[in-house]
2 protein chains.
Amino acid sequence: MESLRNPNGANSSPLTPLGFLERAATVYADSPALVYNDLTYTWSDTFRRCLQLASSISRLGIVKGDVVSVLAPNIPATYELHFAATMAGAVINTINTRLDARTVSILLRHSESKLVFVDYQLIRAIQEAISLLPGVCAHPQLVLITDDGPPSLPMDHFVDTYERMVESGDNCFDWVRPESDWDPLTLNYTSGTTSSPKGVVHSHRGTFIVAVDSLLEWGVPKQPVCLWTLPMFHANGWSYVWGMAAVGATNVCLRKFDASAMYSAIRNHKVTHMCGAPVVLNMLSTGKKLDHTVNIMTAGAPPPAAVLLRTESLGFEVTHGYGLTETGGLVIACSWKREWNLLPATDRARLKARQGVRTIGMTAVDVVDPDSGVSVSRDGLTQGEIVLRGGCLMLGYLKDPESTSKCIRNRWFYTGDVGVMHPDGYLEIKDRSKDVIISGGENLSSVEVESVLYSHPAVNEAAVVGRPDEFWGETPCAFVSLKDNGGKPLPTAEEIMGFCKGKLPGYMVPKSVVLKEELPKTSTGKIQKYVLREIAKSMGFAVKSRI
Amino acid sequence: MESLRNPNGANSSPLTPLGFLERAATVYADSPALVYNDLTYTWSDTFRRCLQLASSISRLGIVKGDVVSVLAPNIPATYELHFAATMAGAVINTINTRLDARTVSILLRHSESKLVFVDYQLIRAIQEAISLLPGVCAHPQLVLITDDGPPSLPMDHFVDTYERMVESGDNCFDWVRPESDWDPLTLNYTSGTTSSPKGVVHSHRGTFIVAVDSLLEWGVPKQPVCLWTLPMFHANGWSYVWGMAAVGATNVCLRKFDASAMYSAIRNHKVTHMCGAPVVLNMLSTGKKLDHTVNIMTAGAPPPAAVLLRTESLGFEVTHGYGLTETGGLVIACSWKREWNLLPATDRARLKARQGVRTIGMTAVDVVDPDSGVSVSRDGLTQGEIVLRGGCLMLGYLKDPESTSKCIRNRWFYTGDVGVMHPDGYLEIKDRSKDVIISGGENLSSVEVESVLYSHPAVNEAAVVGRPDEFWGETPCAFVSLKDNGGKPLPTAEEIMGFCKGKLPGYMVPKSVVLKEELPKTSTGKIQKYVLREIAKSMGFAVKSRI
């Protein structure tokens, strides 16, 4: 038996999600893969287009392991590039379109991107980002995605357009297979993107595992119709960019959306599946009852009970999961028990707001004392840090072994999130990682906002926490104490906000600034953020804002 | 990027299906896991029972890598032992209950089984098998599964009963996790079991992959009701023994079954899923229309169009797949295209009888010229050998590196099955491995039957081929030429059959024997089996037989 404990030629072929596309081109050849405005591509079209694009990417000199970045909304090009760039051997890095030029420039430099695909609406942002790159560093080649833009667009700085690259490519291109399970496939930057960018690298193997796992957990049938309300740049659409090719889905793309766009897409395309942070559920809550069931997966922040109830009453079947960029998709889900259907609606919502249990692809999940590493009691009360173990965990942070080894230790990944374990084995997050605020599905680092605040000459101390917001979940709220401003008048709260505006992406700018004589501190001089969180909570909801 | 191409502590935990059970005990705690006669075990019962049994198995001295065998029908014990034995660190070997004592004895010796769980109805068979073991070889410990047997059974030779081992075990047992992806998990003997037994060994990783893949391919939802009409000893129920724990199924067990038992189980338990060789579909074909849809997966032999049509007309949704013991489950399936629903029934049946395309867990499937290894034309006409590559392929044959390297070469597994590739990328088997006859879902080796025939003193030449059978698919048909019998009268066809009876399992005994002056041969003296196959075909169906 011992002599057989080794892989062989037939079974050692690396696990990868890339083969999903090739297979879809056979099984779902004439079925729609991508639907966008008046455009439909079948799976056989999509495979052919991706092969051609991959060959053109190779022709631009991209080789195995190079980073290819994408700065574009949820349009067909973004979907196709997930396969095309990686089939050329590259690692794909989809950049959050909500970031400001300065941050984009930092990411391009950190990732050493060789090639960037840019949507026509983000030309200015990329040009500014490129101009901010230091002269010594090699500038990436840029490709323009003209998409539904005007017929003539300025081509300065761009080596080609997306469609010309597709058209001029070779549809017999021999795509690049991974050599090992552990070959990197994706790079996704997570919060903490300015001072020290954290680039999460996932392998082919990890991505395969999370992709099939996420399909099973959600019970996605073959040939679903998926409406892309979740940005594909969020952990590759929580892995569903890959998974939807495995099941031959119709991917309905939207450049931007509001409630009315979502409802008409749901109606026109008979959408069966969609994902989104609770803010998307919020947006849907003004709608009318659906004429067919739509499955919606929510994650990123615990959905408030009222939002769950309202969404379900409209005909949405809500599933609640939990994952991080570092897990590549959902790894904990509130697996529903049949008997819970008999409970009153509020109890159901309370149960569904819990994060739940590990998915079948995960090896282990626990809540532990962060110092001792010992599991906390399963009492639903004792708090501890959520730790994860499983094949889909990231390879590590790019060029940051220190941060990597800080969170991967004792054979666990330490999430930084605080939770409890209920007696029934379901886990619930009680407090997220101390320095993260989740606003409209975007994780933002309070430390980053604070570092901008501290750059104001009159700011003495600054601390940023989340303030509850009916629509966004929460928004950044800054507590600031001032010091002498060199004789000049002290700034107002509004002036402090204005100061932040040019220096941070819009969603990171504090929506409330509270000026205080002094910030509450521990005996050792540490600012007591939990006190500030309580104050922010007691301030109630900020004035309702809209996307 | 290069420095990250390695596993780390959090993501290198081996892939294994064993964790499915632990998770099911949390998620599906109070839902039925096993239903059998008047007995129901929930998933929390099942996990507890398996832990207890695993601890008792350990106490008997079983350590990591030891082989634990099971000789029992589809009863709860067989299901539980898949998890309990392997959670004790053992490799599980389920033995085909249709084998004769001589073959069982060969398998026990070849596998070096340390412990054998035996159903009370198979006491005589195991005692005979043990008595046939050479004195020099260590005899396995035997455990009696009393199940629904009479209250008092002879305990000679048995160290304990199954239920006493469960009851006396420790439900806090720390079950044995695999140390590596490639640790062996299962051992399954495939045809060719007498002279040179071929013991297929699968790893934890391979089994995890095929289990999740088979769930996705079949689109198995959570909490299905699975009727066990497929023997669990056939590739661990085509991997569904593991998969059903992943989705928290209700496993309905049957000790033995006929059409009426199946139909009452379907009705009483609202069965949603079942598997079986085409012979099971045959058995069902006499029934009345179902009041709910039952999904049935068939494989093992191509289902005849008439059988498909009849089964579907009764309300069964038939899926057709292909796999081998060496793949641990189905790796090719006739993935259905929506547009095919518009075709006439006979065209649908013809399309469904094709084996199909690789599942998403497989890396590659092809039909190649066996000599050159080059892919055959995709014309649906050119025949070649079916080759497979993917993570679920076996580790190899136990103690048989020669056979292993014969079928695993050029990074492919060579199936021995002959097929064609259709222009649409769907594969169809045209002729199975030359020496295999498939009778009622059992693969049997013509070479083995021939070797018994040759042991008759009057047999000059013998060749065994499959003869079409309306019920069994095919049955073994022997062509024999005789020589001088030392002055004694030459044997009749019936006497030849009688001669085989004591020497082969029942299903391997030729159901027809044709005496010929001489067998057709090539110029080099090789018996032309294809000529004999044609003759057998022209003989028409054998007299209809029943299980």
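Select helices α4 and α5 of chain A: α4(A) passes α5(A) in a right-handed crossing, a term that applies when the near helix is turned clockwise from the far one by less than a right angle. The model is predicted, with local features requiring pLDDT of at least 70 and side-chain atom pairs pLDDT 80 or more, whereas totals for chains and interfaces use all residues. Residues are numbered from 1 along each chain, chains are lettered from A, and side-chain values use heavy atoms.

Helix α4 spans residues 101-111 and α5 residues 123-131; their angle is about 60°, with axes 8 Å apart. Next, colour A:A101, A:V104, A:S105 and A:L108 of α4(A), and A:A125, A:I126, A:E128, A:A129 and A:I130 of α5(A), which make the contact (heavy atoms within 4.5 Å).

Now display both chains. In chain A, 69 residues are in contact with 69 residues of chain B. Eight salt bridges are counted between chain A and chain B (a side-chain nitrogen of Lys or Arg within 4 Å of a carboxyl oxygen of Asp or Glu). One to select is B:D181 with A:R205, whose closest N and O atoms are 2.7 Å apart.

Finally, select residues 204-218 in each chain, where α7(A) and α7(B) pack at about 40°, with their axes 10 Å apart. That angle makes α7(A) oblique to α7(B). Here A:R205, A:V212, A:L215 and A:L216 meet B:R205, B:V212, B:L215 and B:L216.

Conventions:
Axes are lines fitted to C-alpha atoms, for helices over the stretch in contact, and angles run from 0 to 180 degrees between N-to-C directions. Helices (H or I, at least four residues) and strands (E, at least two) are DSSP runs, numbered from the N terminus. Angles under 35 degrees count as roughly parallel, over 145 as roughly antiparallel, 65 to 115 as roughly perpendicular and the rest as oblique.
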